[in-house]
Amino acid sequence: MLPEPFDLLNDSARKCMTLAKGDHVFHQGDQTRGLFFVASGAICLTRLTEAGALVTLHNAVAGSMFAEASLYSDHYHCDAIAVAPSKVIRLSKSAILLRQREDAFFSEGITRLLASQVQDYRQLLTLHAVKTANERVFQAVASGRLRGSVTQLASQIGLTKEACYRALKELTDQGLLSKTGRGEYVLRQP
C-alpha cells in the first residue's frame, strides 16, 4: 500500500490515523513527527498569509503523500486538514532518517520520489504563468489537477473560485470539457 521506498519501513514506524472531515492532521507550528500517506479520503494543506488570506498549498488524495519537507524541519509550516473522512498513515521521521543513513537503496528511493514531486510543482508554476483563466483551467484539468474541490483547484492555480467556475462553464459550453458530476470535469473526447 505504501509507495517505494516507504514500504520497506517496519510496522513500528507507521501509525494509522482515522479522521473525520474537518479534523487536523497537524497545525502550523506543531513539532514535526513524520510525513504522511493518504490511504483514503483527502487532506488539504493550507497556510495563512501575512495578509490573512488562506492559500491552498497542496491537495493530497488517496495514494499520495504530504509533509515530506518535515523530514528536514523542526516544525510544520502549514495546517493539514481532512476535507473528507480520511485514513492516513504517519511515517516516523526518526525511523526514516535512520533508515536513510543505513540504506542507500532506501535513500535513493526517497530522492526519486522527491524529484518527481519537484517536477509536479514546476508544472504547477508553469500553469501560473498562463495568462487567461480559461486556458489555465483547461491545462489544469488536462493535467489531472482537479482532484479535490473546484475551490481548492482555484486556490492552487491562482484564481478566485468564481473565475474558476466561470472558466469551467465556458470550457464546457465550448465542448472542450464534459461535466461528469458535481465539481467533476474531464476532457471531452472527440
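The hairpin and its surroundings

Tutor: Opposite valine 186 in E10 stands serine 178. The model is predicted, so local features are given only at pLDDT of at least 70 and side-chain atom pairs only at pLDDT 80 or more, while totals for chains, interfaces and linings use all residues. Residues are numbered from 1 along each chain as its sequence is written, and side-chain values use heavy atoms, with hydrogens and water left out. Strands (E, at least two residues) and helices (H or I, at least four) are DSSP runs numbered from the N terminus.

The strands E9 and E10 run antiparallel and are joined by four bridges; two strands count as paired if DSSP finds at least two bridges between them. Two residues lie between the strands of this hairpin, and glycine 183 there takes a positive phi near 70°.

Contact here means heavy atoms within 4.5 Å. H5 has 13 residues and reaches 18 Å from its first C-alpha to its last, close to the 18 Å expected at 1.5 Å a residue; the expected span is 1.5 Å times one less than the number of residues. The buried residues of H5 are Ala163, Cys164, Ala167, Leu168 and Leu171. They lie on the same side of H5, because they cover an arc of only 135° around the axis. Buried means under 20% relative accessible area, exposed over 50%, and partly exposed in between (1.4 Å probe, protein chains only); the arc is that of the directions from the helix axis to the C-beta atoms. Lys169 and Asp173, on the other side of H5, are exposed. Just after the helix comes glycine 175, with a positive phi of about 80°.

In helix H1 (residues 93-102), Lys93, Ile96, Leu97 and Gln100 are buried. Seen down the axis of H1, these residues fall within an arc of 95°, so they line one face of the helix. Ser94 and Glu102 are exposed on the face turned away from the buried side. The packing partners of the buried residues of H1 are strand E3 (34-40), strand E8 (86-92) and helix H2 (104-129).

Two of those partners belong to an open sheet of four strands in the order E1-E8-E3-E6, with antiparallel pairing. Strand E1 (14-19) and E6 are its edge strands, each pairing on one side only. Within the sheet, six bridges join E3 and E8 in the antiparallel sense, and serine 40 has lysine 87 in E8 as its bridge partner. H1 packs on the sheet and touches E3 and E8, its direction making about 50° with that of E8. Axes are lines fitted to C-alpha atoms, for helices over the stretch in contact, and angles run from 0 to 180 degrees between N-to-C directions.

Another open sheet has four strands in the order E2-E7-E4-E5, again paired antiparallel. Strand E2 (24-26) and strand E5 (54-61) form its edges, each pairing on one side only. From one strand to the next, the twist averages 30°. Strand E4 (residues 42-48) runs antiparallel to E5 and is joined to it by seven bridges; threonine 46 has threonine 56 in E5 as its bridge partner.

Most residues other than glycine have a negative phi, and most peptide bonds are trans. Alanine 67, although not a glycine, has a positive phi of about 70°. This alanine is in the loop between E6 and E7 and is buried, with a relative accessible area of 12%. Alanine 69 lies in the loop between strand E6 (65-66) and strand E7 (79-82), and is exposed at a relative accessible area of 56%. Glutamate 4 and proline 5 are joined by a cis peptide bond with omega of about 0°, and proline 5 sits in the segment before E1.

As to the cysteines, the whole structure contains zero disulfides, a disulfide being a pair of cysteine sulfur atoms within 2.5 Å. For cysteine 44, the nearest cysteine sulfur is that of cysteine 78, 9.2 Å away. Cysteine 44 is buried at 5% relative accessibility, whereas cysteine 16 is exposed, with a relative accessible area of 65%.
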